[in-house]
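Visitor: Hi! I have a protein to look at and I'm new to this. Could you walk me through it?

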Amino acid sequence: MKKDCFYKLDLVRKKPLQKILLQYERTAFVDFAPHYNYYQKMVQLYYHDNNDTEDNFTDDHNSGVPVSFEEIEELGVIYKHVTSQEELDALAKEREYKNRDKIHLNLETFKNDVDAYNAKMKQFYTEHYHEDEEIRYIVDGEGFFDVRNKGDKWIRAKLSKNDLLILPEGIYHRFTLTNSREVTAIRLFKDEPKWEAINRVH
Ligand SMILES: [Fe+2]
């Protein structure tokens with residue numbers, strides 16, 4: 001079969017494949033299905049192990065229990081794998097996101113001051129919600145989004161390049177970098193940026 005035939009087949013099978021691929025480590029596919037390289041960097045969704053503190057928040061905290069796309073969709077969370085600027089622009093138009101900005105965070109952002117970097121990560125530890133959707137598209141690097149499910153358990157999304165996540169208004173969440181300490185992300189806004197975070201009171 002020609003390579004372009006594989007590609008078309010992939011598009012048809014994309015949805016069921018997404019469910020299956022979540023059960024595997026990304027690297028497993030590189031070995032036996034090179035034409036599925038498209039999926040290598042896809043999001044990982046799993047239940048948080050709840051062993052986090054402010055100081056180890058950026059570790060993976062993977063409980064080993066995967067989360068399906070259906071589970072996050074029930075919460076109103078939307079995941080998309082976006083591989084081109086055109087695709088991102090089309091999505092922005094479709095959902096009426098008129099504004100965007102780009103953020104780049106790494107150690108250099110904090111002038112290589114590890115204490116300042118860690119202080120920022122601790123700030124990210126506080127869960128909050130917004131009165132608008134929160135949309136984050138990972139251009140490069142990695143980041144975690146934690147979202148609360150209806151039973152108040154943390155679901156963690158480990159996002160890599162080309163992953164886009166839309167959180168509905170009112171959902172408690174938090175974002176942080178992974179231990180790779182590097183992320184470039186685009187934030188999309190419906191109108192003027194309205195980023196007031198309403199922190200959770202325990
Ligand atoms: Fe937020």
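Visitor: Among contacts between residues at least 6 apart in sequence, what share join residues at least 24 apart?
Guide: Good place to begin! In this predicted model, 73% of those contacts join residues at least 24 apart in sequence.

Visitor: And how many helices and strands are there?
Guide: The protein has five helices and 12 strands.

Visitor: What's the average pLDDT?
Guide: The average is 82, and 76% of the residues score at least 70. Over residues 1–40, though, the pLDDT is below 50. That stretch has 21 contacts in the model beyond near neighbours in sequence.

Visitor: New topic: where does UniProt place the "binding site" feature?
Guide: The unreviewed UniProt entry puts it at H128, H130, E134 and H173. These positions are spread over 46 residues of sequence, yet they cluster in space, with a largest C-alpha distance of 11.4 Å.

Visitor: Let's take H173. Which strand is it in?
Guide: H173 lies in strand β10, which covers residues 173–177.

Visitor: Is H173 buried or exposed, and why?
Guide: H173 counts as buried because it has 22 C-beta neighbours inside 10 Å, and the cut-off for buried is 20 or more. Leaving aside neighbours within four places in sequence, its contacts include Y129, F145 and L167.

Visitor: What about H128, where is that?
Guide: H128 is in strand β5, residues 128–129. With 16 C-beta neighbours inside 10 Å, H128 counts as partly exposed.

Visitor: Last one: what percentage of the protein's residues are buried?
Guide: Buried residues make up 20% of the 202 residues.

Methods
Residues numbered from 1 in each chain as written. Predicted model: local features only at pLDDT ≥ 70, side-chain atom pairs only at ≥ 80, totals over all residues. pLDDT = per-residue confidence, 0-100. Contact = placed C-beta atoms within 7 Å. UniProt positions renumbered as here; feature names shortened; annotations may be inferred. Helix = DSSP H or I, 4+ residues; strand = E, 2+ residues; numbered from the N terminus. Buried ≥ 20, exposed ≤ 12 C-beta atoms within 10 Å, placed from the backbone.
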